[in-house]
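Hello,

Here is the structure we talked about. Please open it and keep it beside you while you read my notes below.

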Amino acid sequence: MKKLIIIAFLLSTFKALAQKVFSVQYQNQADIKVSVVDYPNQADLKVYKVKYPNQAGKNNGLWFFTEYQNHADKKIYFVEYENQADLKIFFVEYQNQAGWVNKEKIQLFY
């Protein structure tokens, strides 16, 4: 019984930290304003888009874009200019390239 409770707790913790995001249409609907930069050294976070929700990471740059707002852990809005953003991201080609560059901004996804 104890093992079952521990497993349930761990699974709920992982779900809370998963990076399932939804891109909103309007800035006032967003939890975080995001700008996509041209080069990885300009980014706060390097992001890899996963294909399935169970592949989403635990605040490590593995993002799954949900179809519905209520399925997401965070709502993001893509801004046009870097100075408007809370977070600057760079999309990487490979999963092992994802991760935080600027650890000071890691709390944005908790």
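**A buried loop residue**

N59 has a relative accessibility of 4%, so it counts as buried; the cut-off for buried is under 20%. Keep in mind that this is a predicted model. N59 sits in the loop between β3 and β4 (62–65). Its phi is also worth a look. The angle is near 60°, a positive value in a residue other than glycine. Most residues other than glycine have a negative phi.

**The core**

Which residues make up the largest nonpolar core? There are eleven: V21, I32, V34, L45, V47, W63, I76, L87, I89, W100 and F109. Three strands, β2 (32–36), β3 (45–49) and β6 (87–91), each supply at least two residues of this core.

Now pick out W100. Leave aside its neighbours within four places in sequence. W100 is then in contact with D44, L45, N59, N60, L87, K105, I106 and F109. So the buried N59 turns up again, as one of the contacts of W100.

**The aromatic rings**

How many aromatic pairs does the structure hold? It holds three. Take W63 and F65 to begin with. This pair is edge-to-face, with 5.9 Å centre to centre and 65° between the planes. Are the two partners buried or exposed? W63 is buried, at 0% relative accessible area. F65 is at 26%, so it counts as partly exposed.

W63 also pairs with F109. Here the rings are tilted, 5.4 Å centre to centre, with 45° between the planes. W63 lies in strand β4 and F109 in the segment after β7 (99–100), so this pair ties together parts that are 46 residues apart in sequence. F109 is buried too, with a relative accessible area of 4%. W63, F65, W100 and F109 form one aromatic cluster.

One more ring to find is that of F91. The charged end of K49 sits over it, 5.6 Å from the ring centre.

**The strands**

Look at β1 (residues 20–23). β1 and β4 pair in the parallel sense, over two bridges. β1 and β5 (residues 74–78) also pair in the parallel sense, over three bridges. V21 stands opposite F65 in β4. In β5, the bridge partner of V21 is K74. V21 is also one of the residues of the largest nonpolar core.

Best wishes

How values were computed
Residues are numbered from 1 along each chain as its sequence is written. This is a predicted model: local features need pLDDT of at least 70, side-chain atom pairs count only at pLDDT 80 or more; totals for chains, interfaces and linings use all residues. Side-chain values use heavy atoms; hydrogens and water are left out. A nonpolar core is a set of buried Ala, Val, Leu, Ile, Met, Phe, Trp, Tyr and Cys residues joined through side-chain atoms within 4.5 Å. Buried means under 20% relative accessible area, exposed over 50%, partly exposed in between (1.4 Å probe, protein chains only). Helices (H or I, at least four residues) and strands (E, at least two) are DSSP runs, numbered from the N terminus. Contact means heavy atoms within 4.5 Å. Two strands pair if DSSP finds at least two bridges between them. Rings of Phe, Tyr and Trp (its six-membered ring) pair if their centres lie within 6.5 Å; planes under 30 degrees apart count as stacked, over 60 as edge-to-face and the rest as tilted. A charge sits over a ring if NZ of Lys or CZ of Arg is within 6 Å of the ring centre and within 35 degrees of the ring normal.
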